[in-house]
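Have a look at the structure first, and then read on.

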Amino acid sequence: MIKIGVMASGGGSNFKAIIDHIGEGDLEAQCKFLITNNGTCGAVEHAMSYGIPVYHISGKTHPDVHQYERALCAVLDERPVDLLILAGYMKALPDVLVERMENRILNIHPSLLPKFGGKGFWGIHVHEAVLAAGEKESGPTVHLVSKEIDSGRILTQRKVPVLPGDTPEVLQARVLEQEHDLYWRTIRDYAAEVL
Ligand code: GRF
């Protein structure tokens, strides 16, 4: 049984998809916690409805950076996990956490990395940039988290077509649908490889 912890800041549809696949028996895992930097986001609502403990840790709750880092590490001390899953977590992780969980932190990004990754490429901006560049295909990437944003080892990718008339929102929805199927499978396969 894989023990995972999830970090999310937004709507939480990837988080929900993972929890649902655990519930359906596709992924043999337990989710030990949700860490969020946004106490009112959709991911928190999902966590509460599934009875998953929520930790709200942000620059507001912990203004001192060392206190903030200690709070994150304290969650891992209290609820140890095999893998930390970033599911729309909009804040760079402190180095101390990346070092502590080296090769054990996964992230999903909504483009075919290394294209359209790094600073400024988040949310709808990724899909706007893909369309502006005239790409013929896009799709999600699951990768390991390293200290440089969006540049850890790529684990899986899935391609979707970019279609004539696509708006950023339409493309985003097409990519997101694939994220929901790709992420839990990647967690399952990566865990089988390294745990
Ligand atoms: C997804 O597009 C993911 O690739 C990116 O953030 C978004 C999160 O969406 N990292 P949701 O909160 O899981 O719906």
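## A word on helices, and a salt bridge

Helices here are DSSP runs of H or I with at least four residues, and they are numbered from the N terminus. Please keep in mind that the model is a predicted one.

With that in hand, turn to helix 1, where Asp20 and Lys16 are 4 residues apart and therefore separated by about one helical turn. Their side chains meet in a salt bridge, with an N to O distance of 2.8 Å. In total, the structure holds 10 salt bridges.

## Around the ligand

Which residues are around the ligand? The list begins with Gly10, Gly11, Gly12, Ser13 and Asn14, continues through Gly88, Met90, Ile108, His109 and Pro110, and ends with Glu179. Sorted by class, this shell has 7 polar, 3 nonpolar and 1 charged residues.

As for where the ligand sits, it is in the largest pocket. Two elements give two or more residues each to the shell: helix 1, spanning 13–23, and strand 5, spanning 105–109.

## Polar atoms facing the ligand

A backbone N or O atom of Asn14 lies 2.8 Å from a ligand oxygen atom. For Ile108, a backbone N or O atom is 2.8 Å from a nitrogen atom of the ligand. Glu179 takes part through its side chain, with a polar atom 2.8 Å from an oxygen atom of the ligand.

How much of the ligand does the protein bury? Taken alone, the ligand exposes 370 Å², and the protein buries 84% of that.

Finally, let us visit the loop between strand 5 and helix 5 (124–132), where Pro114 is found. The peptide bond leading from Leu113 to Pro114 is cis, with omega near 10°.

Phe116 also has its place in the loop between strand 5 and helix 5. Its phi is near 60°, a positive value in a residue other than glycine.

Technical notes. Residues are numbered from 1 along each chain as its sequence is written. This is a predicted model: local features need pLDDT of at least 70, side-chain atom pairs count only at pLDDT 80 or more; totals for chains, interfaces and linings use all residues. Side-chain values use heavy atoms; hydrogens and water are left out. A residue is near a molecule or strand if one of its heavy atoms lies within 4 Å of it. A polar contact is a pair of N or O atoms within 3.5 Å; within protein, one must be able to donate a hydrogen and the other to accept it, and residues adjacent in sequence count only if both atoms are side-chain atoms. Accessible areas come from the Shrake-Rupley method with a 1.4 Å probe; for residues, only the protein chains shown count as cover. On a 1 Å grid over the protein atoms alone, a cavity is a set of points where a 1.4 Å probe fits but cannot get out, and a pocket is an open set with protein on both sides within 12 Å along at least five of seven lines; lining residues have an atom within 4 Å of a point. A molecule sits in a cavity or pocket if more than half of its atoms lie within 2 Å of its grid points. Ala, Val, Leu, Ile, Met, Phe, Trp, Tyr, Cys and Pro count as nonpolar, Asp, Glu, Lys and Arg as charged, and the others, Gly among them, as polar. A salt bridge is a side-chain nitrogen of Lys or Arg within 4 Å of a carboxyl oxygen of Asp or Glu.
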